[in-house]
Amino acid sequence: MEERLSDTIAAIGTPVGDSAIGVVRISGPGCRNIVTRLFRRARGVDELQSHRLTLGRIVDPETGNDVDEVLVAFMRAPATYTREDVLEIQCHGGAAAVNRVLELALESGARPAEPGEFTKRAFLNGRIDLTQAEAVIDVIRSRSSASLDLNARLLGGALKREIDAMREKVTGLLAQVEIAIDFPEEDVDIVPPHEALGLIEQDLIPSIRSLLDTFDAGRLYREGVSIAIVGKPNVGKSSLLNRLLSEKRAIVTPHPGTTRDFIEADVTLDGLPIRLIDTAGLRETDDEIERVSLDVTRERLERADLALWALDLNAGPDELDDAVFSLLRDKAAVAAANKVDLCPEASLEPLRKRYPAISFMAVSALHGQGIDELKKAMRELALNRDPEALSGPVITRLRHKRALQRLQEHLELAAANIREGMLLDRLSVDLRDALDDLGEIVGLVTTEDILSRIFSEFCIGK
């Protein structure tokens, strides 16, 4: 790792394709040599000012030919993203220009950056902790303003501050226990048992539980939730998809079985990213192609987080609806009784009596009646909690959850140890384990395998 950190790395930091501006990002001790070798200023001042854009030209040092007119920002360590010298070259955004600038940087001593390596260096050099590093990619991938707000708070250190506060309390308790172990003959004051129990059971463990309670909703805001639209043929599943998207994505005809393959589309419901999956109508068939599509429907339903069951309000429930309902027994679902516009007086009671475990809503996919209420029900079903609970620190990743669960177990063992008579050696081990759990969340305790998995999610150049 030491040898790799001494390298100078370079990558294109903007998406592939024609654009007004393309950015080549370089980080490491070779930045000064690269800018000196490749950059010619429009005005003849030798020393570049740090963190200032400077107009000039990139030239090929072998031929002396101009490559592009650029703006260059040379940023001196440690006040940079990676805490190393950083060079960013803003050239024209065509593929040829950006790639040529990158090639010249590589020929001048840099090597190609690995995915996420700039952010990995920011973490390894102590500029950010691991929760903030993870938040970087989540900010980039945010699909709604709500998820962006959540991830921006993580990037700003909201979870880090919460974990740091816990670490300080556990460290203080451990320090007193260690002193009592190391100097048993001395008259050393340690935290009285009732105070130690209060700190663990009334402060630390409730804080851990509060964080754990945010995981399900936090994960959904980060990853989104998939909802499979299911039902028998010709009940308006594709029409519902089009209405929820406010655009025509699925073909709609009066003939049953129009949809034979699934259609996926993204929508945001009050800040929550949703992936809707329109599936083939469920029914018995002798058609080989249709049987395959029905198998795909069942598979997609099983993999989806939730189900949106579409029925024809005017037709009334039948055995085929019973068969669809049987597939939903272990799946969180909301039901849309469609085509209320054809019979406004139709009642939901027959459906509610036959399928009491499902929440039914009367809607019209054609005219939009009841769609807002349906969206609200879908969102509430997905979150199943008060959204205001996400206003504080939030955990969004499974590794956070597992570390906090281990932390809670170790603190509960420590509390039990105190109750059984303050066995200091055992208590010290429990508290050290708790510190390791906290350190794992923020990256003080890591393995190369964990870091590789985290940063492999990143794009090259970030």
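This is a predicted model: local features need pLDDT of at least 70, side-chain atom pairs count only at pLDDT 80 or more; totals for chains, interfaces and linings use all residues.
In this talk, a residue is called buried when its relative accessible area is under 20%, exposed when that area is over 50%, and partly exposed in between, with a 1.4 Å probe and protein chains only. Helices (H or I, at least four residues) and strands (E, at least two) are DSSP runs, numbered from the N terminus.

Residues are numbered from 1 along each chain as its sequence is written, and side-chain values use heavy atoms, with hydrogens and water left out.

Let me begin with helix α3. This helix covers residues 95-107, 13 residues in total, and reaches 18 Å from its first C-alpha to its last. That is close to the 18 Å expected at 1.5 Å a residue, where the expected span is 1.5 Å times one less than the number of residues. Which residues of α3 are buried? They are A97, V98, V101, L102, L104 and A105. Viewed down the axis of α3, these buried residues fall within an arc of 160°, so they line one face of the helix; the arc is that of the directions from the helix axis to the C-beta atoms. On the face turned away from that buried side, α3 carries the exposed residues A96 and E107.

Against what do the buried residues of α3 pack? Their partners are β1 (9-12), β2 (21-27), α2 (31-38), β4 (53-59), β5 (66-75) and β6 (86-92), contact meaning heavy atoms within 4.5 Å. After α3 comes G109, whose phi is positive, near 120°.

Seven strands form an open sheet with mixed pairing, in the order β3-β4-β5-β6-β2-β1-β7; two strands pair if DSSP finds at least two bridges between them. The edges are held by β3 (39-41) and β7 (111-112), each with a single partner strand, so one side of each is left without a neighbour in the sheet. Helix α2 packs on this sheet and touches β2, β3, β4, β5 and β6, its direction making about 65° with that of β3. For such angles, axes are lines fitted to C-alpha atoms, for helices over the stretch in contact, and values run from 0 to 180 degrees between N-to-C directions.

Four bridges join β1 to β2, and the two run antiparallel. Within that pairing, A11 has R25 of β2 as its bridge partner, and I9 has S27. Two bridges join β1 to β7, and this pair runs parallel; here A10 stands opposite P112 in β7.

Helix α4, residues 117-124, lies across β1, β2 and β7 and runs at about 135° to β1. After α4 comes G126, with a positive phi near 85°.

Strand β8 (residues 225-230) is joined to β10 (residues 272-278) by five bridges, and the two run parallel; S226 stands opposite R275 in β10.

I close with some individual residues. A175 is found in helix α7 (residues 158-182) and, at 36% relative accessibility, counts as partly exposed. Between A175 and S428 there are 9.0 Å in space, C-alpha to C-alpha, although they are 253 residues apart in sequence. E302, in helix α11 (residues 288-303), is exposed, with a relative accessible area of 66%.

How many disulfides does the structure hold? It holds zero, a disulfide being a pair of cysteine sulfur atoms within 2.5 Å. C343 counts as partly exposed at 31% relative accessibility, and C459 counts as partly exposed at 38%. Thank you for your attention.
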